[in-house]
Amino acid sequence: MSSTTQKTYTPKASEVTHAWRLVDADGQTLGRLATQIATWLRGKHLPTFAEHMDLGDFVVVVNASRIRVTGNKAAQRKYYRHSTYPGGLKAVSLGDLLEKHPERVIKHTVRGMLPHNALGRKILRKLKIYAGPQHPHSAQFRAAEKQQQRATAATETNAS
C-alpha cells in the first residue's frame, strides 16, 4: 500500500506580504462593500489562505460619508451601547450615525464579519476609513507600486 498523502501548505510569517487596497465607497451599498472589505482584510482572496493567520491586505476606504443604504434602514436600524449603569442604554439610528461619524458605520459592519477573537481585532487594525476623499496613506501605495515593479523586472530578467 503506497502512502501518497498530501501535506497542507501553511505559510510562514516571514512569507506574508500585506498589500494595500484603496476602496471608494461613493454610491456603494453598505453590506456589499463590507463583505468585500472583510474578504480582503482576512486574506480569503489569496490561494495561500490560512484560517489561523493574518494574511490579508490593508484596506483604505475613502468617501465613507457617501455610502448608500437601501430601504428605510437609515431611520429604522439602531446601534445600541450600554454604559453599564442602570438606565444607561443608548440608541442611535443609522442615519444619525452616518451624518456624524460615517467611519464608525463601516467599521462596525466589517467588525461583525470578522472573527470575534484576538485575530479579528488584529485584522481590524488594518482597516483605515476616511469620510472624505483624502487619506494620509499615499506613501504606502507608492511603495507597493515600486515593489510590484521590482518583482516584474526580476521575473523578466529570470525568464530571459
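Helix H1 (residues 30–42) comprises 13 residues and spans 18 Å from its first C-alpha to its last, close to the 18 Å expected at 1.5 Å a residue, the expected span being 1.5 Å times one less than the number of residues. Helices (H or I, at least four residues) and strands (E, at least two) are DSSP runs, numbered from the N terminus. The structure is a predicted model, in which local features need pLDDT of at least 70, side-chain atom pairs count only at pLDDT 80 or more, and totals for chains, interfaces and linings use all residues. Residues are numbered from 1 along each chain as its sequence is written, and side-chain values use heavy atoms, with hydrogens and water left out.

Within H1, the buried residues (under 20% relative accessible area, with a 1.4 Å probe and protein chains only) are Leu-30, Leu-33, Ala-34, Ile-37, Ala-38, Trp-40, Leu-41 and Arg-42. These buried residues pack against S1, S2, H4, helix H5 (118–124) and S5, where contact means heavy atoms within 4.5 Å. Just after H1, Gly-43 adopts a positive phi of about 95 degrees.

The parallel pairing of S1 with strand S2 (residues 58–62) extends over 5 bridges, and Val-23 stands opposite Val-61 in S2. Strands of a sheet pair through backbone hydrogen bonds, either parallel or antiparallel.

Arg-111 belongs to helix H4 and is partly exposed, with a relative accessible area of 41%, a class lying between the buried limit of 20% and the exposed limit of 50%. Leaving aside neighbours within four places in sequence, Arg-111 contacts His-116 and Leu-124. The C-alpha atoms of Arg-111 and Leu-124 are 6.8 Å apart, across 13 residues along the chain.

Ser-14 is located in the segment before strand S1 (20–24). Ser-14 counts as exposed because its relative accessibility is 68%. Between Ser-14 and Ala-75, 61 residues apart in sequence, the C-alpha to C-alpha distance is 47 Å.

Overall, the protein chain contains 6 helices and 5 strands, arranged from the N terminus as β-α-β-α-β-β-α-α-α-β-α. The radius of gyration of the chain is 20 Å, well over the 15 Å that the globule rule gives for 160 residues, so the chain is more spread out than a compact globule; the radius is taken over C-alpha atoms, and the rule is 2.2 Å times the number of residues to the power 0.38. Along the principal axes, the C-alpha atoms fill a box of roughly 65 × 45 × 30 Å. Buried residues account for 32% of the 160 residues. Of the contacts between residues at least 6 apart in sequence, 67% join residues at least 24 apart.

The chain averages a pLDDT (the predictor's confidence in each residue, from 0 to 100) of 93, and 98% of the residues score at least 70. Confidence is lowest in helix H6 (residues 138–159), at a mean of 82, and highest in strand S5 (residues 127–129), at 98.

Notes
Pairing = 2+ DSSP bridges.
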